[in-house]
Amino acid sequence: MKMKSLIAAAALAALAGTAQAEVKVGMITTLSGGGAGLGLDVRDGFLLALKQSGRDDIEMIIEDDQQKPDVAVQIADRMIQAEDVDVLTGIIWSNLAMAVVPGAVAQGKFYLSPNAGPSALAGKGCHPNYFNVAWQNDNLHEAAGAYANSAGYTNSFILAPNYPAGQDALTGYKRFYEGELSGELYTKLGQTDYAAEIAQIRASGADSVFFFLPGGMGISFLKQYADSGVDIPLIGPAFSFDQGILQAVGDAALGVVNTSQWAKDLDNPTNAAFVESFAAEYGRLPSLYASQGFDTANLMISALEKADVSDVEGFRAALKAADFASTRGDFAFGPNNHPIQNIYVREVIKEGDIYTNRTIGVAIENHADAYAAECGM
């Protein structure tokens, strides 16, 4: 799938020679298959911010990576070499980010991540042209470990899929969790049957279960877990309890505690306006991913207001300043271009016919990632 869109329907003005140079943005994201909901939300949040900005000089080239690293690399190569994009963004999955980002920034392109934040790109693999606008992969899981401590859990069973983000997830949980582990499992990426894992959980003697299973994996696990009758409390990051996923899971998710850097009820004017405008534009509540797409676009726009993208040093400095109003409230970049931000505790509730989350506390304040010290920038 390939889509070219000139935002605000003002391409002719840009091509005719306005005072601002045209900016090309290549978005590689997942628009088909089991992870499509995540990519669609990142895309829609990003496009909403561009629409609201009123800028007439930003060209979007959007393509579906099909959740395949080789496809993502082919698209990136074409966008860089044939389309000559200035900025790349959009990737959801960490294995795809690892395949695309190092090569893109090595060719002088900027990459703004609205989601994937693998540890390898936060530490020794950091780069001045790589900015993560979401989180470093470990962050929400570290907050889950901190919550488990405060909740009095001392014997967790933990599981995640076996790919970079899954490995970062369990590493992050263990970094902050102070109790014992009754079990630790890596599942297959894309797995849909969790009968064997649930049987191990049942027999483990655990007092809590931490899991990271994004997209369709989380839907399958939560439904099967509820049907199994196992009553050990679940803890997860927002990825398994986000707006789109909750409608598919239903009552099985009610009451489950999860951690996130964003929630629709965060009390700041930017977030309130975002939630209202996203629902009006698309007819659904925004997700975590939509908020990240929206923030990523607004970061880019804030930088373009200070420097032309062809001014590499100036544009980079403008991105680093993060002079935009985030849906999260306070937002700043650390020395490795990853966020410093609060991570919240949320609980799944039902509002009328809609399953959603409400914020019940702060897990970690002004949190930076654990890999910044390894970054040589």
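Is Asp84 buried, partly exposed or exposed, and what is its relative accessible area?

**Figure 1. Overall view of the predicted model.** The protein has 377 residues, and its secondary structure comes to 13 helices and 14 strands. The C-alpha trace spans about 70 × 45 × 35 Å along the principal axes. A compact globule with 377 residues would have a radius of gyration near 21 Å, and the value for the protein, 20 Å, agrees with this. Of the residues, 58% count as buried. Among contacts with a separation of 6 or more, 71% link residues 24 or more positions apart.

**Figure 2. Gln67 in the loop between β3 and α3.** Strand β3 covers 58-64 and helix α3 covers 69-81, with Gln67 in the loop between them. Gln67 is not a glycine, yet its phi is positive, at about 60°. The relative accessibility of Gln67 is 26%, so the residue counts as partly exposed.

**Figure 3. Asp84 in the loop between α3 and β4.** This loop runs from α3 to β4, a strand that covers 87-89. Asp84 is a residue other than glycine with a positive phi, near 55°. Asp84 is partly exposed, with a relative accessible area of 48%.

**Figure 4. Crossing of helices α2 and α11.** Helix α2 is formed by residues 36-53 and helix α11 by residues 269-282. Their axes come within 11 Å and cross at roughly 105°. Because angles of 65 to 115 degrees count as roughly perpendicular, α2 is roughly perpendicular to α11. On the α2 side, the contact is made by Asp41, Asp44, Gly45, Leu47, Leu48, Lys51 and Gln52. On the α11 side, Phe274, Ser277, Phe278, Glu281 and Tyr282 take part. By class, the contact of α2 with α11 has five nonpolar, three polar and four charged residues.

**Figure 5. Crossing of helices α8 and α9.** The view holds α8, residues 195-204, and α9, residues 216-228. The two axes come within 10 Å, with a crossing angle of roughly 50°. This angle makes α8 oblique to α9. The crossing of α8 and α9 is right-handed. From α8, Ala195, Ile198, Ile201 and Arg202 meet Phe221, Gln224, Tyr225 and Ser228 of α9. Sorted by class, the residues in the contact of α8 with α9 are five nonpolar, two polar and one charged.

Figure 6. With a relative accessible area of 33%, Ala332 is partly exposed. Apart from neighbours within four places in sequence, Ala332 is in contact with His338, Pro339 and Ile340. Ala322 is ten residues from Ala332 in sequence, and the C-alpha to C-alpha distance of this pair is 6.2 Å.

Methods: Residues numbered from 1 in each chain as written. Predicted model: local features only at pLDDT ≥ 70, side-chain atom pairs only at ≥ 80, totals over all residues. Heavy atoms only, no water. Axes fitted to C-alpha atoms, helices over the stretch in contact; angles between N-to-C directions. Helix = DSSP H or I, 4+ residues; strand = E, 2+ residues; numbered from the N terminus. Parallel < 35°, antiparallel > 145°, perpendicular 65-115°, else oblique. Left-handed = near helix turned anticlockwise from the far one by under 90°. Contact = heavy atoms within 4.5 Å. Nonpolar A, V, L, I, M, F, W, Y, C, P; charged D, E, K, R; others polar. Rg over C-alpha atoms; globule rule 2.2 N^0.38 Å. Buried < 20%, exposed > 50% of the residue type's maximum accessible area, 1.4 Å probe, protein only.
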